Amino acid sequence: MTGQPKISFLDLRTINNRYQDPLDSAFRRVLESGWFILGKESDAFELEFADYCGSKHCIGVGNGLDALHLILRGFDIGPGDEVLVPANTYIATWLAVSYAGAHPVPVEPISGTCNLDPERIEAAITPQTKAIMVVHLYGQPADMDPICTMARRHGLKVIEDAAQAHGARYKGRRSGSLGDAAGFSFYPGKNLGALGDGGAVTTNDDRLAERLRVLRNYGSKIKYHNEEKGYNTRLDELQAAFLREKLKGLDGDNACRSKLAGRYNELLAGLGLTLPVVPEWAEPAWHLYTVRTPLRDDLQRHLTERGIGTMIHYPIPPHLQRAYADLGFASGTFPISESIHNEILSLPMGPHLGERQVEVVCSALRDFTQRT
């Protein structure tokens with residue numbers, strides 16, 4: 001509509017332009033080095049990101065899906081094995097399990113936090129279960145202590161899908177240091193986003209770290225000497241250099257996101273929308289700010305008409321995707337997850353926004369709720 005404000009859901013140009021000078025310097029640094037794969041920038045980023053997460057090791061890889069897949073391979077999880085996964089998540093979580101040849105076993109979330117429900121996990125464990133893959137969905141950490149306690153009792157690995165949780169804290173500890181290993185994505189839209197694809201694994205497990213450094217590089221420690229059937233999935237020097245510069249601003253950007261989330265919470269209270277539930281022990285990274293309503297599609301149209309960008313994370317749960325039709329899950333099998341996917345709407349969130357823009361979004365939401 002003419003004259004209405006235009007508020008982007010995400011504006012990567014604005015976000016990255018704040019780093020123009022250090023990014024230009026990083027580019028020149030890599031170009032002048034003449035070294036573009038597994039060099040000094042990658043080594044430095046791995047040390048810096050491991051330190052940031054509070055973990056012993058960081059292994060840079062090509063993307064977030066590869067990070068999760070390699071963790072499973074590194075733990076020798078494969079055909080005949082089961083991995084517990086959230087029923088509500090982006091499909092990459094499940095695909096990592098499938099890539100390894102293992103079987104994803106979905107578990108329902110807690111409706112309020114949208115994260116894996118620790119009380120539902122034990123019933124899903126079988127003799128074939130080898131790991132629990134926990135997603136810190138929308139940037140909010142899952143309740144890790146009871147999950148890790150249960151995993152230890154059953155001899156299972158705990159893997160964090162931390163693709164949306166750069167800098168999130170659980171009881172004071174950062175994501176990436178809460179389980180046996182964690183997979184991160186540096187997709188451009190993430191809180192810590194590259195200018196292309198990228199990913200990493202963090203872990204305190206020396207053996208796993210050593211093996212992943214081999215697996216990511218064709219199964220080779222020494223050039224042309226291949227110890228096992230590996231992959232070509234390495235974080236390149238240019239993206240590592242960019243990430244080093246952007247890592248310096250991550251806490252500031254997350255503080256901005258937290259402030260905006262607080263403003264959303266304040267202005268949207270009492271409007272009949274389901275707002276994010278944050279336990280007292282959680283410090284979300286606020287990758288996304290989501291609301292829920294049975295009138296989600298009508299609300300999205302209303303906001304679009306007013307020039308406000310939104311997204312749905314995610315419209316179809318993995319168990320109802322055609323890609324997983326072979327598992328035979330019918331609609332209604334996981335009602336909590338299906339309700340979330342049918343009702344969720346992500347509002348504009350990120351350091352490209354100011355409080356005034358959040359107020360405009362909330363005003364449009366208020367208009368909608370008063371009409372319905």
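Reader: What makes strand S9 (residues 199-203) mostly covered?
Author: Five of its five residues are buried, where buried means under 20% relative accessible area, exposed over 50% and partly exposed in between (1.4 Å probe, protein chains only). A strand here is a DSSP run of E with at least two residues, numbered from the N terminus, while helices are runs of H or I with at least four. This is a predicted model, with local features needing pLDDT of at least 70, side-chain atom pairs counting only at pLDDT 80 or more, and totals for chains, interfaces and linings using all residues. Residues are numbered from 1 along each chain as its sequence is written, and side-chain values use heavy atoms, leaving out hydrogens and water.

Reader: Which way do the residues of S9 point?
Author: Gly 199, Val 201 and Thr 203 go one way, Ala 200 and Thr 202 the other, and all are buried. In a regular strand, side chains alternate between the two faces of the sheet.

Reader: How do you know that S1 (residues 57-61) pairs with S9?
Author: Two strands pair if DSSP finds at least two bridges between them. Five bridges join S1 to S9, antiparallel, so they pair. Thr 202 in S9 is the bridge partner of Cys 58. S8 (residues 181-185) also runs antiparallel to S9, with four bridges, and Thr 202 is the bridge partner of Ala 182.

Reader: Why is a set of residues called a nonpolar core?
Author: Because its members are buried Ala, Val, Leu, Ile, Met, Phe, Trp, Tyr and Cys residues joined through side-chain atoms within 4.5 Å. The largest has 35 residues, and Tyr 264, Leu 268, Tyr 289 and Leu 347 touch the most other members. Helix H13 (355-371) gives the most to this core, seven residues.
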